[in-house]
Amino acid sequence: AMASSVSRLTDDLRAAADEEARLRTRLESVFRGVTEAVVAADEDRTVTDVNRAARSLLGLTADEPVAGRALDDVVVLRGPDGDVVVASAPSDRSRPLVAWVRPLDGTDPVPVVGTVAALRDDDGHPAGSVVVLRDVRREQALEAAKQDFLASIGHELRTPLTPIKGYAGVLRKRVPDAAQARAWADGITAGVDRLERLVDRLVTYSALTAGTSAGVGHDDVDVDALLDAVAAEWTAGAGDRTV
C-alpha cells in the first residue's frame, strides 16, 4: 500500500513538474515575443532577464551578457532636461516613465514611454521590478508631420481668402463696370476653387488619420499613357538642353 501511495505521489509530482515546465515555456515565449522592451530585475536591482526588443532598444547585441548587471547601468534614462531618470516604483503601484533612453552602443538617444512596477512573491515580499519601455520615435515623427501639415494648411487657407475679402471691400464702396465685374468674378472663382481643393485635402487627411477611407477618392490611371507622356517630356527636355 505504501509503495502504491509513493508511486501515485511520484506520478503527481512528475505531472506537476511537467505542467510547471510547460507554463514556464509559454511564459518565456510570451516574454521574448513582446514587442515592447521588457527588463526584469531582482530586489537588489540586478538585471535577471531582457527580451529581444529590449536588447534592440538598449543597444545590446544578441549574445551580450546582461544578467547580473546593475539595472541602472543597462537602462540609462534621461529626462527632457537631461537629468537622470531612475527606473524605480513604489511597492504598491506602477510608475509611468517618459524619458529618453541612451543605448549602450553609443547610438542616438531614443524617446520612450513606459512603466516600471515592483514585483512581489507569493508572501508579499519584494521580489524585484520590471521595466517596460516603448519606442515612440514614429509617433513623434507623425505628430511633427501633422503639425507641419496643419500650419501649411492654415497659410494656404489665408492665401485665397485675401483677394476675396479685397473684392468684397471694393464692392462695398463702388459698383464695377462689366469688365471689372468679370475680372473680379474670375478672381473670386479661382479663390473658391482653391479653397475647395484645400477642404478636400483636409477631408482626406482627417479620413487617413482616423484609419478610414471615407472621403478619399481615387481615379483610374492609364499607366502606359502616363509613362509615354513622361518619356516624351523628358526627351523634349533633353533636346532643349543639347548644346
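Residues are numbered from 1 along each chain as its sequence is written, and side-chain values use heavy atoms, with hydrogens and water left out. Because the model is predicted, local features need pLDDT of at least 70 and side-chain atom pairs count only at pLDDT 80 or more, while totals for chains, interfaces and linings use all residues.

I turn to the sheet. Helices (H or I, at least four residues) and strands (E, at least two) are DSSP runs, numbered from the N terminus. Two strands are said to pair if DSSP finds at least two bridges between them. In which order do the strands of the open sheet lie? Seven strands form it, in the order β2-β1-β7-β6-β5-β3-β4, with antiparallel pairing. The strands β2 and β4 (84-85) stand at the edges with a single partner strand each, so one side of each is left without a neighbour in the sheet.

Strand β1, residues 37-41, runs antiparallel to strand β2, residues 47-50, and three bridges join them. Val39 has Val50 in β2 as its bridge partner. Five residues lie between the strands of this hairpin, and Arg45 takes a positive phi near 60 degrees there. Strand β1 is also joined to β7, residues 126-135, by five bridges, again in antiparallel fashion. Here Val38 stands opposite Val132 of β7.

Next, the charges. Lys and Arg count as positive and Asp and Glu as negative, whereas His and the chain ends are not counted. Which residues form the negative surface patch? They are Glu43, Asp44, Asp121, Asp122 and Asp123. Patches are made of residues with over 30% relative accessible area and no salt bridge; like charges are joined within 9 Å, and nonpolar side chains (Val, Leu, Ile, Met, Phe, Trp, Tyr) within 5 Å. One member, Asp122, is found in the loop between β6 (110-120) and β7. Is Asp122 buried or exposed? Its relative accessibility is 84%, so Asp122 counts as exposed; the classes are buried under 20% relative accessible area, exposed over 50% and partly exposed in between, with a 1.4 Å probe and protein chains only.

A salt bridge requires a side-chain nitrogen of Lys or Arg within 4 Å of a carboxyl oxygen of Asp or Glu. By this rule the count comes to five, and I shall present some of them. Glu64 and Arg69 form one, with the closest N and O atoms 3.3 Å apart. Glu64 is partly exposed at 23%, as is Arg69 at 28%. Asp135 meets Arg137 in another, at 2.6 Å from N to O. Asp135 has a relative accessible area of 27% and is therefore partly exposed; Arg137, at 47%, is partly exposed.

Glu143 and Lys146 also form a salt bridge, their closest N and O atoms being 3.3 Å apart. These residues are three apart in helix α4, residues 137-173, so about one helical turn separates them. Glu143 is partly exposed at 35%, and Lys146 is partly exposed at 29%.

Val192 is partly exposed, with a relative accessible area of 35%. The C-alpha atoms of Val192 and Leu161 are separated by 8.4 Å, although the two are 31 residues apart along the chain.

Conventions. Areas by Shrake-Rupley, 256 points an atom, 1.4 Å probe, with all protein chains shown as cover. Charge placed at Lys NZ, Arg CZ, Asp CG, Glu CD.
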